Amino acid sequence: DMRAPSIELVWDDGSSSVDFVYDSYEILDGKNVLETLPASYDETGTVKTLKVVLKEKYRPVKLELYYSVFPESDVITRSQVLVNEGNVPVKIKRLMSAQLDILGTGYVMTTFHGDWGREMDRHDTVVSAGCMVNTSRTGFSSNHANPFVMLFAPGSSEDFGEGYACNLIYSGPHMEMVDVGSQFESRFMAGISPEQFSWTLGSGEKFETPEAVLTFSDAGYCKISKHMHR
């Protein structure tokens, strides 16, 4: 699999190989709370969160994946936390908030661009091969490249078609990307832009990713809007 990864780390010896394997899971009542970033919250008391813990095979580093389900909104939020349990620092080069692998190619990626006075111009791009990136290099999320994107089947409309949407709760440099593989599958990722990103994670420290709000529609763009509004 030669597509872009969702995580890139550099160890103290300069190597960058990682192998995270499953360790445990836990189902939590309510919404997990991010300590360093804004996030969604539970107003109804119906939210449950799946916490999955992965551990690096050869290093004392673990990755906590959080999936919070909002049943009344048909929304799942996704974030992850990298924890350094070792005695030496780890350099983070890339740590995305969400990754979704989807069978098939040729999806239409909808992005929203603009400037002052003409925000949210809609742009549709068919991604049949290669990589399509929506990113902001301004230091903030900005109206130049909004961190909300959609990925729909061709021919979709306001009330017809299947597709996904992602809204990243982050006001810094971000990236949303679709990367098409050679075996007719599409990988979607969203998170902090890895361009010129570098974070040293000291011993005993943890790093939280921004929260990605994910939803699916089997009835066009309008259903996406309703889910996100709720």
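Which residue forms a salt bridge with lysine 31, and how far apart are the closest N and O atoms? The first legend answers this, and every view here shows a predicted model.

**View 1. Glutamate 211 and lysine 31 pair up in a salt bridge.** The partner of lysine 31 is glutamate 211, and their closest N and O atoms are 2.5 Å apart. This pair links distant parts of the chain, since glutamate 211 sits in strand 16 and lysine 31 in the loop between strand 2 and strand 3, 180 residues apart. Both glutamate 211 and lysine 31 are buried. As a handy reminder, side chains of opposite charge can pair when their charged atoms come close.

**View 2. Aspartate 101 meets arginine 3 in a salt bridge.** Here the N to O distance is 3.9 Å. Aspartate 101 belongs to strand 6 and arginine 3 to the segment before strand 1, so the pair ties together parts that are 98 residues apart in sequence. Are these two partners buried or exposed, or partly exposed? Aspartate 101 is partly exposed, because its relative accessible area is 42%, while arginine 3 counts as buried because its relative accessibility is 12%. Take in the neighbours too: Arg3, Asp101, Glu185 and Arg187 are linked in a network of salt bridges. For the whole model, the count comes to 17 salt bridges.

**View 3. Arginine 59 forms a salt bridge with aspartate 12.** The closest N and O atoms of this pair are 3.7 Å apart. Arginine 59 lies in the loop between strand 3 and strand 4, and aspartate 12 in the loop between strand 1 and strand 2, so that distant parts of the chain, 47 residues apart, are linked. With 24% relative accessibility, arginine 59 counts as partly exposed.

**View 4. The largest pocket holds about 400 Å³ of space.** It is lined by 17 residues, and the closest to its centre are Ser40, Tyr41, Phe70, Ser73 and Arg230. Which elements each supply at least two residues of this lining? They are strand 5 (75-84), strand 11 (163-169) and helix 1 (220-229). The lining residues divide into six nonpolar, seven polar and four charged.

**View 5. The second largest pocket holds about 300 Å³ of space.** Of the 20 residues that line this pocket, Leu100, Tyr164, Ala165, Leu214 and Thr215 lie nearest its centre. Strand 6 gives the most to the lining, with four residues. Among the other elements that each supply at least two residues are strand 10 (148-152) and strand 16 (211-217). The lining is made up of 15 nonpolar, three polar and two charged residues.

View 6. Strand 2 (residues 20-29) provides the largest share, three residues. Tyrosine 25 is found in strand 2 and counts as exposed because its relative accessibility is 53%.

**View 7. Aspartate 74 and methionine 120 have positive phi values.** Most residues other than glycine have a negative phi. For aspartate 74, phi is near 55 degrees; this residue is in the loop between strand 4 and strand 5. For methionine 120, phi is near 65 degrees, and its place is in the loop between strand 7 and strand 8. Aspartate 74 is partly exposed, with a relative accessible area of 46%. Methionine 120 also counts as partly exposed, at 42% relative accessibility.

Definitions and conventions
Residues are numbered from 1 along each chain as its sequence is written. This is a predicted model: local features need pLDDT of at least 70, side-chain atom pairs count only at pLDDT 80 or more; totals for chains, interfaces and linings use all residues. Side-chain values use heavy atoms; hydrogens and water are left out. On a 1 Å grid over the protein atoms alone, a cavity is a set of points where a 1.4 Å probe fits but cannot get out, and a pocket is an open set with protein on both sides within 12 Å along at least five of seven lines; lining residues have an atom within 4 Å of a point. Grid points are joined across faces, edges and corners, and a volume is the space filled by probe spheres set on the points. Ala, Val, Leu, Ile, Met, Phe, Trp, Tyr, Cys and Pro count as nonpolar, Asp, Glu, Lys and Arg as charged, and the others, Gly among them, as polar. Buried means under 20% relative accessible area, exposed over 50%, partly exposed in between (1.4 Å probe, protein chains only). A salt bridge is a side-chain nitrogen of Lys or Arg within 4 Å of a carboxyl oxygen of Asp or Glu.
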